Amino acid sequence: MTVKNRVAIVTGGAMGNGRGIAKVLASQGARVAIFDKSDLLDQTVAELTGEGLEVCGFRTDITDRTNIDDSVARVIEKYGRIDILVNNAGVMKNLPFLETDMANLDFHIDINIKGPWNVSQSVIPHMVRNKYGRIVTIASVTGGFVDDGGDMSYSITKSALIGFGRCLAMEFIEDGITSNIICPGYCNTPMVAGEAAEERPDDPSAFLKDLASSLPIGRLGRPEDIGFLASYLASDEASFITGQTVVIDGGCTLPETNLDY
Ligand SMILES: NC(=O)c1ccc[n+]([C@@H]2O[C@H](COP(=O)([O-])OP(=O)(O)OC[C@H]3O[C@@H](n4cnc5c(N)ncnc54)[C@H](O)[C@@H]3O)[C@@H](O)[C@H]2O)c1
């Protein structure tokens, strides 16, 4: 898989899946710029560069187009090009549907849909100029494949990203740009730790254990699992794959029944 010397932007790379994606891309020789608004950004960049990886961070809120354009301009100033964009940053605040107000819906739309939209609009002109690009958008099995009650805002924004990634694939296919969508199942990240703390405030680790054993594979995904797939889709070798939705979920969307005999 060749991503060596490619310049990659990973949104939401300060923690969780984004951090795993940034780490795997950089381990394979990419030069990675993390866009994140979290206070953990500097620490993550320091830890990854401490491992000898070429990673830098730009404090960026993906709901703020001016902030995004400024960070993209700084990546261009530093490296002169952008080859890979991983639209990873996302949020999930679940509520029963009848209690889900417009503020909750707008929160998800602003980050989960308008975020990738804005970052992609800012980055793609640089890919078109070079007639090369790899866009990977992180959706979820939630929405496109499975759902639990209480997921409404998250589910509809994540399923929207499948159409988003496909449209990009068709629109920029003649510009040497591919666009693919990754749909992870449950992974061990701060997002899921937050869900565990809400569901079982008395014992979040028991919730995580139950969650892991509820998956056919018996464990949660690791951020690096998502990283290796993203890295392949972002590689030179993946040039014939575009507009595809790839599920990576430890089998959670597989069972035809839940009969146990
Ligand atoms: N963890 C899972 O089980 C799981 C499953 C399916 C899909 N996903 C998707 O994977 C992606 C990453 O999830 P995660 O579990 O690592 O989440 P996380 O909450 O652990 O990390 C998300 C990162 O995004 C950043 N972020 C949030 N809002 C931002 C904004 N406005 N601007 C810039 N950065 C912002 C956060 O600071 C954080 O670093 C999300 O798109 C999520 O929907 C996660």
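Analyst: Helices here are DSSP runs of H or I with at least four residues, numbered from the N terminus. Axes are lines fitted to C-alpha atoms, for helices over the stretch in contact, and angles run from 0 to 180 degrees between N-to-C directions. The model is predicted, so local features need pLDDT of at least 70 and side-chain atom pairs count only at pLDDT 80 or more, while totals for chains, interfaces and linings use all residues. Residues are numbered from 1 along each chain as its sequence is written, and side-chain values use heavy atoms, with hydrogens and water left out.

The pair is α1 (residues 16–27) and α9 (residues 223–233), whose axes are 7 Å apart at an angle of about 50 degrees. The two helices are therefore oblique to each other (under 35 degrees is roughly parallel, over 145 roughly antiparallel, 65 to 115 roughly perpendicular, the rest oblique). The crossing of α1 and α9 is right-handed, that is, the near helix is turned clockwise from the far one by less than a right angle.

Contact means heavy atoms within 4.5 Å. On the α1 side, G16, N17, G20, I21, K23, V24 and L25 take part, and they meet P223, E224, I226, G227, F228, A230 and S231 of α9. By class, this contact has seven nonpolar, five polar and two charged residues; Ala, Val, Leu, Ile, Met, Phe, Trp, Tyr, Cys and Pro count as nonpolar, Asp, Glu, Lys and Arg as charged, and the others, Gly among them, as polar.

For another helix pair, α7 (residues 190–199) and α8 (residues 204–214) pack at about 115 degrees, with axes 8 Å apart. Their crossing is also right-handed.
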